[in-house]
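Notebook open, viewer open. I wanted to go through the ligand sites, then the helices and loops around them.

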Amino acid sequence: MTTFVDRVELHVAAGSGGHGCASVHREKFKPLGGPDGGNGGRGGDVILTVDQSVTTLLEYHHSPHRKATNGKPGEGGNRSGKDGEDLVLVVPDGTVVLDKAGNVLADLVGHGTSFVAAQGGRGGLGNAALASARRKAPGFALLGEPGDLQDIVLELKTVADVALVGYPSAGKSSLISVLSAAKPKIADYPFTTLVPNLGVVTAGSTVYTIADVPGLIPGASQGRGLGLEFLRHVERCSVLVHVLDTATLESDRDPLSDLDIIEEELRQYGGLDNRPRIVVLNKIDVPDGKDLAEMVRPDLESRGYRVFEVSAVAHLGLKELSFALADLVGRARAARPKEEATRIVIRPKAVDDAGFTVTREEDGLFRVRGEKPERWVRQTDFNNDEAVGYLADRLNRLGVEEQLMKSGARGGDGVAIGPEDNAVVFDWEPSAMAGAEMLGRRGEDHRFEAPRPAAQRRRDRQAERDEAEREYDDFEPF
Ligand SMILES: Nc1nc2c(ncn2[C@@H]2O[C@H](COP(=O)(O)OP(=O)(O)OP(=O)(O)O)[C@@H](O)[C@H]2O)c(=O)[nH]1
Ligand SMILES: [Mg+2]
């Protein structure tokens, strides 16, 4: 059974916001006590968080559909609905988040680094929050917004300081097992290692990690052997170690041509040219191996490599190697800009822009696009005339009506608000929309009106003017 998965497709759904409540307070002998419908709760987010104790994406391979909980609807008596709970998904250090087209959305490195993969919907305002001097008893509430739905790809790129590369059976796993506490599978057949192993090495005061990856063979870039895909786990390392076999029984191989072949495969993979490399000649406990190592050493050194002769089995030359690696890792770390221990990556959200656009499409339809108009449409209960009127007022105030007129829209023309696959389409009635303000104040209930003294009327008028100047959105407590 697979225990290691380093690429998964994940479908995440944030929670939807709860609907606002339209309710009127009732008490004995006081039939109309005012609106008291509470707001809906916010939908939960889906958040990815790095946990360094997690090493695989296996869990998401088994269950790739994840959903946060919805916000609860508001209730009468000014009770707000409970917010939905965020769903936190733990991922290994080095997980890259991509969209389906392959664009990188986030690169999660460092324990606790988080990314909001899907944002919860806002809760709808209840009628208590929608009440104002002009609209004393709204008979409607706003709907909660649906939560984000996202299809994402998670790809693990192991975070290690050093990567061991080489032919199958060169002794990479043996080496990591003697340099660190890692206990990978070791055997005398090729491709023993199928998934990367990580080991932690302590050399003096330096602690660093080594990754042992599957073996490479000529033509790996064309998919031979295990291919090159796992080299993704080498990408983040700062030092590459060529593990060369001095005791191979294959007659057509020797350390120098092995090195050339591995280098060619690394070149095919790309992006690794600037990593410092060292060469390890392994298996010098074998007499012929020691001789061969001595023979090829000058050649390797003349090519500019630092060369270490070791035996993973007989524990020869290991200390020197691990200190040399610590030194290289230390330099690489010093050269890197200091990273904050924990980075929180929030998916760049569309700016909450106040704007909108009106375009006339080929079939004569007028399309309105914009963050606000589209959100307002989602918040509208189209079965409630008053709510629809409120939407018209909001659109009007933003200037949508005016812009439609300027763009040449006439009564009866089709107007769509939103993207092609998710728009609300209606026949435009300019008089109704433009006249909305004049036709009567929405939500006004004359049963509330009592004779007011002149000073009170003046204050009320001023309050109405003030409100009219404010953006409707200002009322939303989000
Ligand atoms: N004599 C001797 N044998 C070694 C040494 N290091 C590894 N071996 C043997 O070589 C064989 C392959 O070792 P592994 O560590 O599995 O090699 P690998 O490079 O991880 O191989 P893959 O995982 O298949 O890519 C095993 O039989 C080891 O016991 C060494 O220093 N001396
Ligand atoms: Mg191995």
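My entries follow, site by site.

**Ground rules.** I am working on a predicted model, where local features need pLDDT of at least 70, side-chain atom pairs count only at pLDDT 80 or more, and totals for chains, interfaces and linings use all residues. Residues are numbered from 1 along each chain as its sequence is written, chains are lettered from A and ligands numbered from 1 in the order in which they are written, and side-chain values use heavy atoms, with hydrogens and water left out.

**Ligand 1, the shell.** I started with what surrounds ligand 1, taking a residue as near if one of its heavy atoms lies within 4 Å. I got 24 residues, and the closest are S169, S174, F191, T193 and D285. By class they split into 11 nonpolar, 9 polar and 4 charged. Which helix gives the largest share of the shell? Helix α3 (residues 172–179) does, with 3 residues. Helices (H or I, at least four residues) and strands (E, at least two) are DSSP runs here, numbered from the N terminus.

**Ligand 1, polar contacts.** Next I looked for polar contacts, meaning pairs of N or O atoms within 3.5 Å; within protein, one must be able to donate a hydrogen and the other to accept it, and residues adjacent in sequence count only if both atoms are side-chain atoms. S174 puts a polar side-chain atom 2.6 Å from an oxygen atom of ligand 1. A polar backbone atom of G171 sits 2.9 Å from a ligand 1 oxygen. From S311, a polar side-chain atom lies 3.3 Å from an oxygen atom of the ligand. I also checked the cover: the protein hides 87% of the 650 Å² of accessible area that ligand 1 has on its own. Those areas use the Shrake-Rupley method with a 1.4 Å probe, and for residues only the protein chains shown count as cover.

**Magnesium, ligand 2.** Which protein atoms are donors to the magnesium ion? I found S173 (OG) and T193 (OG1), 1.9 to 2.1 Å from the ion. S173 lies in helix α3 and T193 in the loop between α3 and β10 (197–203), so the pair ties together parts that are 20 residues apart in sequence. Donors are N, O and S atoms within 2.8 Å of the metal (3.2 Å for Na, K and Ca), and water is not among the atoms, so sites may look incomplete. Buried or exposed? I used under 20% relative accessible area for buried, over 50% for exposed, and partly exposed in between (1.4 Å probe, protein chains only). S173 is buried at 8%, and T193 is buried too, at 10%.

S169 is in the loop between β9 (162–165) and α3, and is partly exposed at 27% relative accessibility. Its phi is positive, about 65°, although S169 is not a glycine. I noted H315 as well, a non-glycine with a positive phi near 55°, in the loop between β14 (306–309) and α6. Most residues other than glycine have a negative phi.

**V310.** The loop between β14 and α6 also holds V310, which is buried at 0% relative accessible area.

**Helix α6.** I checked the length of α6 (residues 318–335): its 18 residues at 1.5 Å each should span 26 Å, and the end C-alpha atoms are 26 Å apart, which agrees. The expected span is 1.5 Å times one less than the number of residues. Buried residues in α6 include L318, L321, L325, L328 and A332. An α-helix has 3.6 residues a turn, so residues three or four places apart point the same way.

**R135.** Last, I went to R135, in the loop between α2 (127–130) and β8 (149–156). Despite the charge class, R135 is buried at 3% relative accessibility. Its side chain reaches the backbone oxygen of L130 at 2.6 Å.
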